[in-house]
Amino acid sequence: MLKGKKILIAITGSIAAYKIPLLVRLLIKDGAEVKVVMTPSACDFVTPLTLSTLSQSPVYIKPFNETDGSWTSHIELGSWADVMLFAPLSANTMAKMATGITDNLLTAVYLAARCPVYFAPAMDVDMYYHPTTQSNITKLQSFGNLLIAPAEGELASGLTGFGRLEEPANIFKILECHFEKAGSLNGVKVMITSGPTIEPIDPVRYISNHSSGQMGNSLAMEAAMRGADVTLITGPVHELPNHPAINIIKVGTAAEMFNAAIGNFRKCNVAIMAAAVADYKPVVYADKKIKKSSSVKFNLELVPTADILAGCGKMKKKGQVLVGFALETDHEIENAGKKLNTKNLDFIVLNSMRDKGAGFGYATNKVTIVNREGDTLEYGLKPKSEVAADILDQVQRIYIKSNLHRPK
Ligand code: CTP
């Protein structure tokens with residue numbers, strides 16, 4: 001499976017580094033070419049000799065050799081790799097990657113890498129949940145880097161919780177899966193709506209919601225990595241993905257999103273509507289700031305916005321795949337099933353409202369997919385990049401099935 005694939009492993013200073021020789025062995029046994037780059041502090045946890053013996057290649061630590069003056073090109077290493085994996089990734093190096101600090105060879109290679117980058121953090125539970133670490137994870141994800149979330153369990157400190165490096169066998173499977181999927185959506189045009197919309201009340205106020213656009217960004221990145229041509233129509237968000245195959249269209253209101261989406265839908269093969277579109281907008285937009293008055297009540301009259309998903313559902317042609325999202329608080333499956341039919345969808349992704357760590361603003365999500373074939377597929381809590389992969393696996397399956405006998 002991995003024969004000839006070039007994998008660059010970046011090891012940083014965390015006790016979990018002791019697990020990496022095992023991963024290197026698994027990769028080499030499967031035919032991969034492996035190179036290892038380490039931070040100087042990673043060498044305190046695992047020896048470069050072990051890693052160079054197992055990877056059958058020199059290990060790169062410093063930008064230059066102090067005895068003979070020869071230097072290691074971070075650019076060459078970065079462009080050599082088909083995939084780069086940071087495992088274990090310490091909180092310190094993660095912070096450097098998020099801010100572009102390159103004070104050692106490993107972080108310089110990160111900036112030079114042209115390939116997909118996976119990162120597997122490993123640290124103590126409190127460090128992992130610190131807001132700085134969480135926001136750095138979100139930042140790396142917004143660069144298109146793919147999170148291999150830490151597992152829960154006993155930590156080296158004696159504490160128990162999230163922070164354990166994912167097991168080498170599972171990281172190996174993720175890499176195998178990566179190469180299996182690459183190119184699987186070659187030439188397919190995918191449109192994604194994402195983020196919130198904002199409905200202005202006056203020049204300084206608007207109606208909106210807490211959507212961060214992370215789910216839509218992850219879907220766009222996953223589709224692009226599988227070879228699709230992606231159009232991401234997004235409301236105002238803080239982070240946007242960066243990939244040459246992703247064309248970003250920025251919109252503000254539901255009406256702007258509607259126009260962009262309906263215009264693009266005709267040309268696309270797959271549409272995934274992950275946006276949290278405002279269902280209502282003010283009837284009147286006041287072109288001057290509304291002054292407060294002495295009366296106690298202020299009534300804002302609202303009218304419904306156009307339903308973009310339903311609009312696409314009406315236009316849908318044979319062979320096109322249309323996916324919606326739903327956020328329900330009661331009778332979830334039943335309500336999702338109704339939307340599936342009324343909006344003419346292939347499947348609907350039901351967001352959990354019950355689980356901590358799922359939904360708006362979190363890096364993780366927990367979804368259930370209800371499809372037209374009558375299946376209800378429940379998934380566990382995972383990073384949004386993995387949820388995106390689950391959704392695109394389903395898209396791919398349905399797309400292939402519905403285009404099997406269609407002329408090109
Ligand atoms: N959606 C849309 N255009 C709208 C409203 C929603 O395209 N004006 C899409 C969302 O992107 C999502 C799906 O419709 O994919 C479901 O949104 P949701 O708010 O859960 O459902 P609604 O159909 O708006 O119904 P309700 O709020 O009554 O549950």
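Which residues does Ile-9 touch, not counting residues up to four places away in sequence? Select Ile-9 and look around: Ile-20, Leu-23, Val-24, Leu-27, Val-34, Lys-35, Val-36, Val-37, Leu-85 and Ala-87 are in contact with Ile-9 (heavy atoms within 4.5 Å).

Before moving on, note that this is a predicted model, where local features need pLDDT of at least 70, side-chain atom pairs count only at pLDDT 80 or more, and totals for chains, interfaces and linings use all residues. Residues are numbered from 1 along each chain as its sequence is written, and side-chain values use heavy atoms, leaving out hydrogens and water.

**The largest core**

Ile-9 and Leu-27 touch the most other members of the largest nonpolar core, which has 33 residues. Such a core is a set of buried Ala, Val, Leu, Ile, Met, Phe, Trp, Tyr and Cys residues joined through side-chain atoms within 4.5 Å; buried means under 20% relative accessible area (1.4 Å probe, protein chains only). Now colour α1 (20–29), one of the elements that each supply at least two residues of this core. With five residues, α1 gives the most.

Next, pick Val-270, Ile-272, Phe-325 and Tyr-379: they are among the 32 residues of another core, apart from the largest one.

**The ligand**

Finally, select the ligand. Met-273, Ala-275, Leu-309, Phe-325 and Lys-343 come nearest among the 15 residues around the ligand (a heavy atom within 4 Å). Zoom in on Ala-275, where a polar backbone atom is 2.6 Å from a ligand oxygen atom. At Asp-279, a polar side-chain atom lies 3.1 Å from an oxygen atom of the ligand.

Note on methods: Polar contact = N/O pair within 3.5 Å; in protein donor to acceptor, adjacent residues only side chain to side chain. Buried < 20%, exposed > 50% of the residue type's maximum accessible area, 1.4 Å probe, protein only. Helix = DSSP H or I, 4+ residues; strand = E, 2+ residues; numbered from the N terminus.
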